[in-house]
Structure formats: C-alpha cells, structure tokens
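Notes follow in the order I looked things up.

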Amino acid sequence: MKEKVVKSSRFSLIKLVAVVFVFCAANSVFAGDSLKGLLINLKGWQGEDAQTMSMDMNGVKMTNAVRTYEKGGKTIAATIMVTSRQMGMASFQQMSMTQGNIKIESKEINGFKVLNTHDGNENSGSLTVLLGESQNNSAIFSMAYEGLSNKDNLSMAKKFDWKAMKKAVKKLMK
C-alpha cells in the first residue's frame, strides 16, 4: 500500500508542477499553444486536456505543452519543451548504464537522439527525445511514465509524431 501511495504522490507532483507553471503564466499568450495538438489522443487511454506555459526566469526561457494520460494503474506525462540551451544536452551523448533493474541508455532512433531511463523494479521512468538545437535554444519531447515496461514505453513514445514536433519547435526556436 505504501508503495502505491509513493507512486501516486510522485505522479501527482508532476501534475502539480505543471499546474503551478500554467497558473503563474495564465494571463500570457502562449507560444506553446502551437504544440498542444501534437500531444495526441492515445487509444484506450484517458487524456486530460493539454496545458501550455511560457516563462522567462533570469534569462532562462521556456515554452512547453504538457498532457497527462491514465489507463488503469498506468500513467504518462508527455511534454514538449523549448528551452534555453543552458539547460544542457550532455545527457544525449552515447551512453549505457545498468545497475540492478535500473537502466539508462542513450541512442539514436529514426534520426533522433533519445535518452531512456527505466526502473524495472517499479516499471517507471522517462524517455526524452532531442527535437532540435540552435545556438540559443534546444527542444525536447519527454514522456515520463509509471506502469509500463521498458519495451512498452518506447512503443508508446513512438505513437507521437517526433518529426511533426521537430518541425513545430523549429518555428519557436527562431
């Protein structure tokens, strides 16, 4: 029971952070609105409406769209984010690490750099796709999840159109 509460509270924290960011920027016109449609309906999953947010804090700029999904005890939080390059792209260097049932791996999939982190003990983790980089910005698609196997998380992430996302964020990165 305690394990289920911890998992639930961790995912609730993701939702809370997204809501706080949206609330803080509620009176702004969001550049991220153009990204909402890319967070598609997933067959068999209950998806909340996508939320957008833009902020500029101490020179770090960020625009994103977030959508959460649920199916039984499984959860997904999908995010498209355009941010200043200072956030760092070092994670996308080729690497592979395993410790027990925890696996971290970066590789190229269909021309995209992908970082996959999976905890096999809890069937949770995240998959992050580098959508683009410029001199001043970088853009990612990130899918955090609980209740999916390592194989299923990649399959679910591939349901989203990474090429369309790349095209959309390119316009925001100018």
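**Overall layout.** I started with the order of elements: from the N terminus on, they run α-β-β-β-β-β-β-β-β-β-α-α. That gives the protein three helices and nine strands. I took helices (H or I, at least four residues) and strands (E, at least two) as DSSP runs, numbered from the N terminus.

**Ground rules.** This is a predicted model, where local features need pLDDT of at least 70 and side-chain atom pairs count only at pLDDT 80 or more, while totals for chains, interfaces and linings use all residues. Residues are numbered from 1 along each chain as its sequence is written, and side-chain values use heavy atoms, with hydrogens and water left out.

**Whole-chain numbers.** I checked burial next, with buried meaning under 20% relative accessible area, exposed over 50% and partly exposed in between (1.4 Å probe, protein chains only). Of the 174 residues of the protein, 41% count as buried. The exposed surface comes to about 10200 Å², and carbon and sulfur atoms supply 53% of it. Those areas come from the Shrake-Rupley method with a 1.4 Å probe; for residues, only the protein chains shown count as cover. For contacts (heavy atoms within 4.5 Å), I took those between residues at least 6 apart in sequence: 53% of them join residues at least 24 apart.

Strand β1 (residues 46-47) runs antiparallel to β3 and is joined to it by two bridges, with G47 opposite Y69. Strand β2 (residues 51-57) is also antiparallel to β3, over seven bridges; here Q51 is partnered by V66. The β2-β3 hairpin has two residues between the strands, and N58 in the turn has a positive phi of about 55°. β3 and β4 then pair in the antiparallel sense over 10 bridges, and Y69 turns up again, this time with I76 as its bridge partner in β4. G72 takes a positive phi near 60° in that hairpin, which has two residues between the strands.

**A look at T63.** T63 is in strand β3. Is T63 buried or exposed? It counts as buried, because its relative accessibility is 14%. I also found a polar contact between the side chains of T63 and S54, at 3.5 Å. For that I used pairs of N or O atoms within 3.5 Å; within protein, one must be able to donate a hydrogen and the other to accept it, and residues adjacent in sequence count only if both atoms are side-chain atoms.

Strand β5 (residues 95-99) pairs with β6 in the antiparallel sense over five bridges, and T98 stands opposite K103. Their hairpin has two residues between the strands, with G100 at a positive phi near 60°. β6 and β7 run antiparallel too, joined by eight bridges. K103 has H118 as its bridge partner in β7.

N116 lies in strand β7 and counts as buried, because its relative accessibility is 10%. Its side chain makes a polar contact of 2.8 Å with the side chain of N150. Leaving aside neighbours within four places in sequence, its contacts include K103, Y145, N150 and N153.

That took me to helix α2 (residues 150-157), where N153, L154, M156 and A157 are buried. They sit on the same side of α2, because they cover an arc of only 160° around the axis (taken from the directions from the helix axis to the C-beta atoms). The buried residues of α2 pack against β4, β6, β7, β8, β9 and α3.

**The cores.** Last, I looked for nonpolar cores, meaning sets of buried Ala, Val, Leu, Ile, Met, Phe, Trp, Tyr and Cys residues joined through side-chain atoms within 4.5 Å. Which of the 32 residues in the largest one touch the most other members? F141, F160 and W162 do. The elements giving two or more residues to this core are β3, β4, β7, β8, β9, α2 and α3. Not counting residues up to four places away in sequence, W162 touches I109, F112, V114, L127, V129, L131, F141 and A157. A second, separate core has five residues, among them M53, M81, L130 and I140.

Notes:
Pairing = 2+ DSSP bridges.
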